Amino acid sequence: MKKVSILGATGSIGQNTVDLIRRDPKAFDVVALTGGRNVLQLAQDARDLRADIAVIQDDDLLPQLKDLLIGSGVEAAAGADAICDAATRPADWTMSCIVGAAGLAPGWKALEQGATLALANKESLVTAGPILLDHAKHHCATVLPVDSEHSAVFQALVGEDIAAVERIIITASGGAFRDWPLDKLESATLAEASSHPNWDMGQRITIDSASMFNKAMELIETKEFFGVRPDQIEAIIHPESLIHAMVGFNDGAIMAHVGPHDMRHAIGFALNWPKRTELPVERLDLAQIGALTFKAPEAARYPALQIARTVMEEGGLMGAAFTSAKDRALDAFIAGDIGFTQMAPVVDKVLNTMTSRDGLKNARMTLDTVQQTDTLARRRAAEAIADLR
Ligand code: NAD
Ligand code: MG
């Protein structure tokens, strides 16, 4: 039996992972499940999957979690430190799918087991990619990508030499506003930005798809994970979202990964790796689909892509500053404090002040400097947001 833990079990990726594990209970022994605030879901899954421990991030919810788990034999704990402790409980495979910067520390701890970390939390790679992958190497741990584009690239590279790769093309749906008139974007509401044309995901990542901040993160994630140069990485709009990524080789061939819109494919690939196992996802009827289309993303519609280029070129702590500024700007959009098109200027401004004024760009990357950058970038973003109001 494979011992598995899910950090962020109550979220969209977490629930898809739970679904796969639930389908094959004899194959998996569940160690730890963690959640943010959804105590009912966490307790129910911990009971159903007979987890050893369930951890809720919000301390105030611990009494409720304990009540819900009475008689189940599942331990209950709460708080960020308890999530990190749970991540160190021996497991062969750990899913890192907490959203945002909060996912870095638990994933980091899980790596110290020297086992496998399935990484959905893209923020970990964007903010701290070089030290995270060094840490994995140091502990002989394996990191497998779960983001659908990166899983697709990883699969297209099986048996290939990375030195023969000329370019990596990740696809983007274009999000909720891909066909909107540009001048209407300014007035886009939260509800409009929160509905994705192709995928069913958490709210934050759905809004990040509409602004393409998600794709911007994924460009940086590609650079960090596969170690290619920024100029080798492209994003292309592919409204059908059936090709998840393509790898172009030095002989002109392009290997494309085609599959349904279902995160259980990428999660299942990582769960069963290095083998492939039957997965409960739709089989595509290509004749029915008929055509796959592509178009270049417009710079004016998606300013986040240009910001990602700057972050990739500059490297270092710029990824951490970018992620935190983007997160803060997204909070402000969700709260109704700024408009949809004001998120990118806020992030841009933060990156400019971080380089010109704060000089963090050249600091050595450690967990501490990543943390300091996070705090500073959030503060600078709050200032930039206040200036706009
Ligand atoms: P989500 O918001 O649905 O779930 C996030 C999970 O993290 C939940 O369990 C939540 O309770 C927990 N959480 C939130 N804040 C926390 C905190 N401070 N401390 C501890 N736990 C906390 O998000 P999601 O859509 O499942 O995405 C998870 C991660 O996977 C993100 O990094 C996202 O970018 C990435 N990702 C998601 C998808 C997708 O299809 N949803 C695809 C690719 C990558
Ligand atoms: Mg993705």
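This is a predicted model: local features need pLDDT of at least 70, side-chain atom pairs count only at pLDDT 80 or more; totals for chains, interfaces and linings use all residues.
Let's start with the metal. The magnesium ion (ligand 2) is held by three residues, Asp147 (OD), Glu149 (OE) and Glu218 (OE), at distances of 2.1 to 2.2 Å. If you look for these donors in the sequence, you'll find the spacing D-x1-E-x68-E. Asp147 sits in the loop between β7 (142-145) and α7 (148-156), while Glu218 belongs to helix α10 (residues 213-226), so this pair ties together parts that are 71 residues apart in sequence. Are these two buried or exposed? Asp147 has a relative accessible area of 8%, so it counts as buried, since the cut-off is under 20%. Glu218 is buried as well, at 1% relative accessibility.

Next, the hairpin. Strands β10 (residues 243-249) and β11 (residues 254-258) run antiparallel and are joined by five bridges. To see how they line up, find Ala245, which stands opposite His257 in β11. Four residues lie between the two strands, and in that turn Gly252 has a positive phi of about 90°.

Finally, the helices. How do α13 and α14 lie relative to each other? The axes of α13 (residues 303-314) and α14 (residues 318-334) come within 8 Å and cross at roughly 150°. An angle over 145 degrees counts as roughly antiparallel, so that's the label for this pair. Where they meet, α13 brings Ile307, Val311 and Glu314, and α14 brings Met318, Gly319 and Phe322. Sorted by type, the residues of this contact are four nonpolar, one polar and one charged.

Key
Residues are numbered from 1 along each chain as its sequence is written. Chains are lettered from A and ligands numbered from 1 in the order in which they are written. Side-chain values use heavy atoms; hydrogens and water are left out. Two strands pair if DSSP finds at least two bridges between them. Donors are N, O and S atoms within 2.8 Å of the metal (3.2 Å for Na, K and Ca); water is not among the atoms, so sites may look incomplete. Buried means under 20% relative accessible area, exposed over 50%, partly exposed in between (1.4 Å probe, protein chains only). Axes are lines fitted to C-alpha atoms, for helices over the stretch in contact, and angles run from 0 to 180 degrees between N-to-C directions. Angles under 35 degrees count as roughly parallel, over 145 as roughly antiparallel, 65 to 115 as roughly perpendicular and the rest as oblique. Contact means heavy atoms within 4.5 Å. Ala, Val, Leu, Ile, Met, Phe, Trp, Tyr, Cys and Pro count as nonpolar, Asp, Glu, Lys and Arg as charged, and the others, Gly among them, as polar.
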